[in-house]
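Subject: Structure handover

Hello,

Here is the structure for your files. My notes on it follow below.

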Amino acid sequence: MKIPWKWAACIDPGLYRSMDEIIKLCNYANIQALETNWRFTEGRCEKEIVKLGDKFRKAGIELYSFHLPFTQDDDIACFYETNRRESVRRLKLIMEQSALFGNRAVVLHPTTSHYNASIEGFDRYLSQMGKSLSQMVPLAEKLNLIICLENMLPGAEGERFGAKIEHFAVFKKEFACKNLGFCVDTGHAFISYGKKGPVKFFDLLKENISIFHIQDNPGDRDLHIPPGRGLINWADVFKKMAQLRISFPATIEATPFAHARGFRYSKNSWKKMFEEINAIAEKSLNFVGRQ
């Protein structure tokens, strides 16, 4: 018996000489899917984006999810209306590029600020995000995309917007629909709520989860290390994922736990990382010895 989902990798195209090199790496390491981002499409015309997406698929690499930008200039909940509108305008253009690339879901941060929402006003953030989504969700419907709001890290100043389970209960009630779902980041949830964090988010959002970000850490720092290298209880996580019967790739939002030269990891390092992660998942689901 095999794991019922594919694993997707996050690979920074800026670290490689060409897209062909990334494709060769994926084929060698048996990486079946990629979570891409704006660095794959920026500066390319529509024809080039379509051609590149086809190239990945012909090589057997699925392009399901796409991470939208998350700099300070990409804040859909910004209180400055001029900045918020410009953020939405830019993000909508990138959503169009992701659809041309062949992606089906995009990751979106509820905010890119780190201020305390209880001080700045949760309702203010919610109102601004709601304005942005009122423009972005209809575009997602037109493009056949799912916008996935990701759970955030807690802020240094306290209760950051999008980091609390209570925030996502409101998001689910106010915004969840066919083209608006959620991305659960295991590392962020672990830092926010401890060992039961990932499961808390799974249980609340299970009907509307369309992307998983799988990454580990020690519980106090967002290190983005592979499962098994930190302190998350992966048996709980993978059992929950199996219960959801997901059909989309689960994204490993981590790089190999290995030596790198100029942040470039060897093909063997990537292959070993995915083999180790798959083994952890199989053991968690009691698949070992039953294949």
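A polar contact here is a pair of N or O atoms within 3.5 Å; within protein, one must be able to donate a hydrogen and the other to accept it, and residues adjacent in sequence count only if both atoms are side-chain atoms. The model is predicted, so local features need pLDDT of at least 70 and side-chain atom pairs count only at pLDDT 80 or more, while totals for chains, interfaces and linings use all residues. Residues are numbered from 1 along each chain as its sequence is written, and side-chain values use heavy atoms, with hydrogens and water left out.

Serine contact

By that definition, the side chains of Ser-269 and Ser-266 are joined by a polar contact of 2.9 Å. Ser-269 is part of helix 11, residues 267–284; helices (H or I, at least four residues) and strands (E, at least two) are DSSP runs, numbered from the N terminus. With a relative accessibility of 14%, Ser-269 is buried. Buried means under 20% relative accessible area, exposed over 50%, and partly exposed in between (1.4 Å probe, protein chains only). Apart from neighbours within four places in sequence, Ser-269 is in contact (heavy atoms within 4.5 Å) with Pro-256 and Ala-258.

Overall fold

The protein chain has 11 helices and eight strands. Its C-alpha trace spans about 50 × 45 × 35 Å along the principal axes. Of the 291 residues, 51% are buried. Among contacts between residues at least 6 apart in sequence, 77% join residues at least 24 apart.

Backbone

Most residues other than glycine have a negative phi. Asn-30 has a positive phi of about 60° and is not a glycine. Asn-30 sits in the loop between helix 1 (19–29) and strand 2 (33–37) and is exposed, at 57% relative accessible area. Arg-245, also not a glycine, has a positive phi of about 55°. Arg-245 is in the loop between helix 10 (234–244) and strand 8 (250–252), and is exposed at 75%.

Cysteines

How many disulfides are there? With a disulfide taken as a pair of cysteine sulfur atoms within 2.5 Å, the count is zero. The closest cysteine sulfur to that of Cys-183 is in Cys-148, 6.6 Å away, which is too far for a bond. Cys-183 is buried at 1% relative accessibility, and Cys-78 is buried at 11%.

Rings

Rings of Phe, Tyr and Trp (its six-membered ring) pair if their centres lie within 6.5 Å; planes under 30 degrees apart count as stacked, over 60 as edge-to-face and the rest as tilted. The whole structure has 20 aromatic pairs. One of them is the edge-to-face pair of Trp-38 and Phe-70, 6.0 Å centre to centre with 90° between the planes. Trp-38 lies in helix 2 (residues 38–41) and Phe-70 in the loop between strand 3 (62–67) and helix 4 (81–101), so the pair ties together parts 32 residues apart in sequence. Trp-38 is buried at 15%, whereas Phe-70 is partly exposed at 39%. Ring pairs also link a cluster whose members include Phe-79, Phe-122 and Tyr-125.

The charged ends of two lysines sit over the ring of Tyr-28: Lys-267 at 4.8 Å from its centre and Lys-271 at 5.3 Å. The criterion is NZ of Lys or CZ of Arg within 6 Å of the ring centre and within 35 degrees of the ring normal.

Regards
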